[in-house]
Amino acid sequence: MHIVPDRVKQGSTNIIQNMDDWRRVHLSSMSDPDTFWLGITNELIDWQTPPTEGLVGAFHSIADNQVSWFADGKLNATISCLDRHLLTHPEKTAILWEGDEPDDVRAISYRQLHSDVCRFSNALSSIGVGLGDRVIIYMGMVPEAAVAMLACARIGAIHSVVFGGFSAESIANRIEDSRAKVVITMDEGLRGSRKIPLKNTVDEAVQSVSGIETVVVLKRTGGEISMTEGRDIWWHDICQNMDDSHEAVIVPAEHPLFILYTSGSTGKPKGEVHVHGGYITYTAFTHKTVFDLREDDVYACVADVGWITGHSYIVYGPLANGATTFMFESTPLYPDAGRYWDMVERHKINIFYTAPTAIRALAAKGDNFVEKYDLSSLRVLGTVGEPINPEAWDWYYDVVGGGRCTIVDTWWQTETGGISISPIAPATPVIGGSATLPMPGISTALYNAEGQRLIGPAEGLLCIEHPWPGITRTIWGDHERFVNTYFSTIPGLYFTGDGCRRDEMGYHWITGRVDDVINVSGHRMGTAEFEAIIIEDEAIAEAAVVGFPHEIKGQGVQAYLIMKNPSETYSEDLAKRLNLMCRKSIGAHAKVDYFCVIPGLPKTRSGKVMRRILRKVAEGDPSNLGDISTLADPSVVEAILTSKRY
Ligand code: WT7
């Protein structure tokens, strides 16, 4: 157990300073959530019509109606992120950006960011984007990605950022599902001196679907691309004669701010919808509280805006809090494994937020990449995205933090909008591997598979009992799927899909997904998405994909294949072909690590695949397969156990 050093506590104005505060604040958020959250939102957020209503609806009634927060209030989230800061600190750096090359640095003040967003808001309006329209953003990590998001929000349009690693097919699926009419992209992305053909990929996507009227293209590398007359327009051209002031469109609190697609255990990715009022309140509150944000902090989250972490903790939370938020275009290994720490030294970063997969990869490169740099500016270190193993945690704490910093292991999801279980710096005593305690407003509960609630120290399915402002409101275009996905496993509660152990102190230890979602280097993917692609191949009769523990990536991907022709065995050609299909269909981050040809899947007599067996074998833990007596053909287990993986 690590108690936070006093040095870290000096100067903190956090509403939670110690565990007594934590108990008091958490209790008040539970006993009277409306008063609690109305108080928080009126303090942290600029409302044009301040809300008087708190929560309407409850999880048990979600099938009929929506949960809403602050429903009688009116605002535009970007006013809190931009306009109001012009009155107090217009020249403060809003976005501190470092490009692919370390000497490519831009500091954009709140005044500048405000004008950039206003100009682009006017530009979007000029091409006919209006209230409620959907806009796809497919860009690298450049400040204009944040400008594009904020400009959409400012005019009441709904952005849907697609991570730059996704394929044309994935973009096309998102265009179709959201019925977007505009795509904002750039010529090429730049990562580790490698060029990523973003515009070409958009061209391919847009050709295969209908509905896209305009593609706006930011020039980043000047690489050669083709511009389609009448459809494509350069960012700099469209902005040229635009006014740099723009009156934000005021929307009701529950107006959608964005859609972000995320993978589930079945079917196509789900478009999670977040709304102006609740989302901006929750991200501002959690960002300020968890990281113990202080006025002059340089805050750095090195995630990508293509994921929820980038939305909540690079763009919306930090800007709502008037912070200096760092944005990073490159990779932690370019030009070498010291890049993060070099940036911490040069920019005097105080708060640094990354993923366990990056920590493990960097720890493997040795301590001297860290020790070369002066990291004395660091005060709070954060991790997110997957369980962090104690060795990686210790390395982060000792080598990066020098034993002087607090570590916040933040558990949350695309669906929760913001951090939901986490230490609060510097109040919560931390232990490596535990996300510790729920945030104010969050009441966790553990259930067993039979639907019984577990009391005291226990391990089970992680659920959340009551709505909080940041919860996703629906799945775009499919509320029924929303209800079925999250509220049917344990009726009346939000089921996270994660397993969790709660210890004697009430601390939470996330054990990972218990559904068919895998987490590879912090990238969330559905095993069903892989399977759907693999069975398209003419040689494959059936396939089952599972995750297995991977030293660096957290999880790796293993595919079990049943060949149409039983005499056909594994070949490198087959593996290459299947991986190419996954890459083309999902994106560059979707790769099968191991293939395993087996004679048949372990199916029950009712035809259900017993995935547990495949998972256990892939994990290298076949000793305890549990009850296999319901299998239609128990002999396949022997074949699976003896099959080789390539
Ligand atoms: C899943 C959500 C939250 C932003 C990034 C991922 C896993 C997330 C932790 C953590 C253990 C974690 C869970 C969760 N996860 N944070 N601190 N400890 N596991 O968002 O892509 O929606 O994935 O990531 O399994 O369900 P996401």
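Which residue has a polar backbone atom 3.3 Å from a nitrogen atom of the ligand?

Modeller: That's Glu-386. Before we go on, this is a predicted model, where local features need pLDDT of at least 70, side-chain atom pairs count only at pLDDT 80 or more, and totals for chains, interfaces and linings use all residues. Residues are numbered from 1 along each chain as its sequence is written, and side-chain values use heavy atoms, with hydrogens and water left out.

Back to the ligand. With Asn-519 it's the side chain, where an N or O atom is 3.5 Å from an oxygen atom of the ligand.

Now for some helices (DSSP runs of H or I, at least four residues, numbered from the N terminus). Start with helix 6 (residues 143-154) and helix 11 (residues 308-320): they pack at about 60°, with axes 11 Å apart. An axis here is a line fitted to C-alpha atoms over the stretch in contact, and angles run from 0 to 180 degrees between N-to-C directions. That angle makes helix 6 oblique to helix 11, which is the word for whatever isn't under 35 degrees (roughly parallel), over 145 (roughly antiparallel) or 65 to 115 (roughly perpendicular). In contact, so with heavy atoms within 4.5 Å, are Ala-146, Met-149, Leu-150 and Ala-153 from helix 6 and His-311, Val-315, Tyr-316 and Leu-319 from helix 11. Seven of the residues in this contact are nonpolar, one is polar and none is charged.

Helix 11 meets helix 4 (residues 77-88) too: their axes come within 7 Å and cross at roughly 40°, so helix 4 and helix 11 are oblique to each other. Helix 4 brings Ser-80, Cys-81, Arg-84 and His-85, while helix 11 brings Tyr-316, Leu-319 and Ala-320.

Most residues other than glycine have a negative phi, and most peptide bonds are trans. Yet the bond from Tyr-334 to Pro-335 is cis, with omega near -5°, and Pro-335 sits in the loop between strand 17 (324-328) and helix 12 (339-347). Strands, by the way, are DSSP runs of E with at least two residues. Ala-425 and Pro-426 are joined by a cis bond as well, with omega about -5°. As for Asp-292, it isn't a glycine, but its phi is positive, about 55°. You'll find Asp-292 in the loop between helix 10 (276-290) and strand 16 (298-301).

How values were computed. Ala, Val, Leu, Ile, Met, Phe, Trp, Tyr, Cys and Pro count as nonpolar, Asp, Glu, Lys and Arg as charged, and the others, Gly among them, as polar. A polar contact is a pair of N or O atoms within 3.5 Å; within protein, one must be able to donate a hydrogen and the other to accept it, and residues adjacent in sequence count only if both atoms are side-chain atoms.
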